[in-house]
Amino acid sequence: MSLTLLLVLALSVVIGLSLGVLGGGGSILTVPILVYVAGFEAKEAIAASLFVVGVTSVVSVISHARKGRVMWRTGLIFGAAGMAGAFVGGLLGGHIPGQILLIAFAIMMVATSLAMLRGRKKKNDGGAAPVKHELPLGRVLLDGAVVGLVTGLVGAGGGFLVVPALALLGGLPMAVAVGTSLVVIAMKSFAGLAGYLTTVQLDWGITLGVTAAAIVGSLIGSKLAGKIPETALRKAFGWFVLVMGTFVLIQQAPAGMQWPIAAGVAGLTAVTAGICWFFVSSCPLRNRGRRSTDVPSPV
């Protein structure tokens, strides 16, 4: 076994970890690994990534479902609406320059990450934990179609949009949003794969090896997802999306604008953290040290 193949398989475990823990990041990690490490052509890498992410998501869903972290009705309806929206988005995306789509997607990722880091406003519910519930049909169809439309335009990043849509817009607990998003990702991945296989031939040996390694990572990730506190999981997701969005934005920017954009994103993050620290009473940055002192002493 060559050193390159070992590196590809090792990195593929990270793909599964990302899907199992965060419910996203599969395609954005898989395509660069297959192109820059495994030497795949771009279209072949995209098609292979759809297979890898689809199969890995199915396996990871099983583990999440056993622990009650999948809303099946919400996921299936969201996925069906997302597939329809993705088809329309794909038609529109064919008439828009790819660089513009990637820049728009990167900006959207940065905005999404800031929303995830900020979180939802806490309701005065006496400290009760979030309750799992199936979302209304109309809301699921609308969110699914909009997310599908956007992901159809850019061709990747389904989990980056599905998880925030379920967690922020739908109000699902983060762990449940991650598990349910895998249902949506699997549906859209296999639909996209069917289209690519009409014109693309895959190296099934490497593709199946990457898939097996990603499955191992997803099983590990699904176990970690239930043990990581929801706030920490949401923050990890937010920072991960921010880094990836900034990277894509810098890569697509003109040569003279790359450093100013990186500085601008860093400045925006610093300003957001400062506003949270000085003006938001429930800011986790400022309240982190207070948690230990807020616990009542035993009598």
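Leu-197 sits in the loop between helix 8 (174-196) and helix 9, where helices are DSSP runs of H or I with at least four residues, strands are runs of E with at least two, and both are numbered from the N terminus. The model is a predicted one, in which local features need pLDDT of at least 70 and side-chain atom pairs count only at pLDDT 80 or more, while totals for chains, interfaces and linings use all residues. Residues are numbered from 1 along each chain as its sequence is written, and side-chain values rest on heavy atoms, with hydrogens and water left out. Leu-197 has 38% relative accessibility and therefore counts as partly exposed; buried stands for under 20% relative accessible area, exposed for over 50%, and partly exposed for what lies in between (1.4 Å probe, protein chains only). Apart from its neighbours within four places in sequence, Leu-197 makes contact with Leu-202 and Trp-204, a contact being heavy atoms within 4.5 Å. Glu-44 is 153 residues away from Leu-197 along the chain, yet the two C-alpha atoms are separated by 9.3 Å.

Trp-204 also takes part in an aromatic pair. A search of the whole structure finds 1 such pair. Its rings, those of Phe-51 and Trp-204, have centres 5.1 Å apart and planes at 85°, so the arrangement is edge-to-face. Rings of Phe, Tyr and Trp (its six-membered ring) pair if their centres lie within 6.5 Å, and planes under 30 degrees apart count as stacked, over 60 as edge-to-face and the rest as tilted. Because Phe-51 belongs to helix 3 (residues 42-66) and Trp-204 to helix 9, the pair ties together parts that are 153 residues apart in sequence. The two partners can also be described by their accessibility: Phe-51, at 15%, counts as buried, whereas Trp-204, at 37%, counts as partly exposed.

The chain contains 13 helices and 0 strands. Of its 299 residues, 44% are buried. Among contacts with a separation of 6 or more, 80% are between residues 24 or more positions apart. The accessible surface of the chain is about 15,000 Å², and carbon and sulfur atoms hold 70% of that surface; the areas come from the Shrake-Rupley method with a 1.4 Å probe, and for residues only the protein chains shown count as cover.

Several individual residues illustrate how parts of the chain are placed. Ser-18 lies in helix 1 (residues 3-22) and, with 7% relative accessibility, counts as buried. Ser-18 and Phe-237 are 219 residues apart in sequence, with 9.3 Å between their C-alpha atoms. Ile-185, in helix 8, counts as buried at 8% relative accessibility. Between Ile-185 and Gly-82, the C-alpha distance is 9.3 Å and the sequence separation is 103 residues. Val-31 belongs to helix 2 (residues 26-37) and counts as partly exposed at 22% relative accessibility. Leaving aside neighbours within four places in sequence, the contacts of Val-31 are with Ala-45, Ile-46 and Ser-49. The C-alpha atom of Val-31 is 7.8 Å from that of Ala-42, which lies 11 residues away along the chain.

On the surface, Phe-87, Val-88, Leu-91, Leu-92 and Leu-149 form a nonpolar patch, and together they have about 460 Å² of accessible area. Patches are made of residues with over 30% relative accessible area and no salt bridge, with like charges joined within 9 Å and nonpolar side chains (Val, Leu, Ile, Met, Phe, Trp, Tyr) within 5 Å. A salt bridge is a side-chain nitrogen of Lys or Arg within 4 Å of a carboxyl oxygen of Asp or Glu. Helix 4 (residues 72-93) gives the most to the patch, with 4 residues. Val-88 lies in helix 4 and counts as partly exposed at 41% relative accessibility.

The chain averages a pLDDT of 75, and 78% of the residues score at least 70; pLDDT is the predictor's confidence in each residue, from 0 to 100. Where pLDDT is low, the predicted coordinates should not be read in detail.
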